[in-house]
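These are my notebook entries on a two-chain model. I set down what I looked up, entry by entry.

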Amino acid sequence: MTSREVRLIVPSRLEAVREAGNAVRTMWADLRLDEAVAYEVELAVVEAVTNAIKHAYGGVSGHEVEIHATLHGECLDVEISDTGIAMDPRCLEQPLAVLDFDPRRRDRLPEHGFGLAIIRAAMDGVEYLSAGGRNTLRLRKRLPVKS
Amino acid sequence: MRRDEEMVGEVMILRPRDRRLDAAMAPSLRACLIETIDAGRRKIVLDLAVVEFIDSSGLGAILSAVKHLGGNGEMAVSNLAEPIQSLFRLTRMDRVFAVYTTATEAAAALAGSEGSA
């Protein structure tokens with residue numbers, strides 16, 4: 001498998017999240033990825049872009065989110081960057097805590113906070129960096145390519 | 001939100017026509033479900049036959065509707081594509097509401113239920 005690099009910049013509008021998801025899916029269409037793996041990668045990127053728009057930019061349009069995907073052999077790295085408010089890195093310490101709810105207590109069901117849990121579960125590596133006014137969520141996925 | 005609605009006895013089957021239930025679509029999905037509940041529908045099947053992608057925002061909208069129902073009704077989902085089934089297991093949504101292969105099965109199950117699990 002050869003190396004490949006794709007860069008995509010989307011505006012900070014929730015309608016653009018769909019564009020990011022479609023772009024991620026078509027980026028790797030010719031790799032014949034397992035359907036479940038392709039979904040996980042698309043889902044993680046969509047969650048990250050949504051978080052950047054909603055939280056880093058507070059849902060305000062007029063900014064940009066950059067998606068930079070690099071394929072090295074059978075390893076896919078995707079960086080999602082924004083220049084908004086940095087996330088508290090502690091959010092990544094226990095991302096799965098949101099899943100610890102009692103399904104019988106409907107009044108206490110969580111409606112938010114699943115995004116980071118999904119990203120953590122879907123990807124093999126997750127790192128968050130914030131420096132020089134730029135925040136980057138770095139995701140890694142090992143790709144089992146269909147033979 | 002574009003959708004089809006079907007009544008089977010007292011069960012409402014709601015079928016979104018959009019293939020993606022993401023952050024852009026979540027507010028209208030939530031509003032549609034809440035309106036349905038407020039109109040007196042207390043047994044709802046969300047049939048996801050044409051839905052190819054759901055993210056945490058879409059799940060949040062569905063959970064919001066379940067909370068709105070409280071102990072006064074039931075919601076089930078049907079026709080989940082395999083990756084969406086995986087997402088439901090991952091996020092433990094399969095413990096919140098019953099998942100059925102078809103809307104017909106889901107409607108039959110809800111028709112026989114008396115209220116909240």
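**Entry 1. Terms and basis.** I call a residue buried under 20% relative accessible area, exposed over 50%, and partly exposed in between, with a 1.4 Å probe and protein chains only. The model is predicted, so I take local features only at pLDDT of at least 70 and side-chain atom pairs only at pLDDT 80 or more, while totals for chains, interfaces and linings use all residues. Residues are numbered from 1 along each chain as its sequence is written, chains are lettered from A and ligands numbered from 1 in the order in which they are written, and side-chain values use heavy atoms, with hydrogens and water left out.

**Entry 2. Two residues with positive phi.** I looked up Arg92(B), and its phi is near 65°, a positive value in a residue other than glycine. Arg92(B) sits in the loop between H3 and strand E7 (99-100) of chain B; helices (H or I, at least four residues) and strands (E, at least two) are DSSP runs, numbered from the N terminus. Arg92(B) counts as partly exposed because its relative accessibility is 34%. I then turned to Asn79(B), which is not a glycine and has a positive phi of about 60°. I find Asn79(B) in the loop between strand E6 (74-78) and H3 of chain B. With 29% relative accessibility, Asn79(B) is also classed as partly exposed.

**Entry 3. The interface.** I record 13 residue pairs in polar contact between chain B and chain A, both residues being at pLDDT 80 or more. A polar contact is a pair of N or O atoms within 3.5 Å; within protein, one must be able to donate a hydrogen and the other to accept it, and residues adjacent in sequence count only if both atoms are side-chain atoms.

**Entry 4. Glu111(A).** The rule finds 4 salt bridges across the interface, each a side-chain nitrogen of Lys or Arg within 4 Å of a carboxyl oxygen of Asp or Glu. One salt bridge joins the side chains of Glu111(A) and Lys67(B), at 3.2 Å from N to O. The side chain of Glu111(A) also makes a polar contact of 3.3 Å with the side chain of Ser64(B). Apart from neighbours within four places in sequence, I find Glu111(A) in contact with Arg30(B), Gly60(B), Ser64(B) and Lys67(B). Glu111(A) lies in the loop between strand E3 (75-82) and helix H3 (114-122) of chain A. Is Glu111(A) buried or partly exposed? Glu111(A) counts as partly exposed because its relative accessibility is 22%.

**Entry 5. Helix H3 of chain A.** I find 7 of the 9 residues of H3(A) buried, so this helix is largely enclosed by the rest of the structure. The buried residues of H3(A) include Phe114(A), Leu116(A) and Ile118(A). They pack against H2, strand E4 (125-131) and strand E5 (134-142) of chain A, together with H2 and H3 of chain B.

**Entry 6. Glu42(A).** Glu42(A) lies in helix H2 of chain A, and it counts as buried because its relative accessibility is 4%. Its side chain makes polar contacts with the side chain of Arg25(A) at 3.0 Å and with the side chain of Arg20(B) at 2.6 Å.

**Entry 7. Nonpolar cores.** A nonpolar core is a set of buried Ala, Val, Leu, Ile, Met, Phe, Trp, Tyr and Cys residues joined through side-chain atoms within 4.5 Å. Of the 78 residues in the largest core, Trp28(A), Val49(A), Ile54(B) and Phe88(B) touch the most other members. Helix H2 (residues 35-56) of chain A gives the largest share, 11 residues. I also note a second, separate core of 8 residues, among them Val11(B) and Ile13(B).

Note on methods: Contact means heavy atoms within 4.5 Å.
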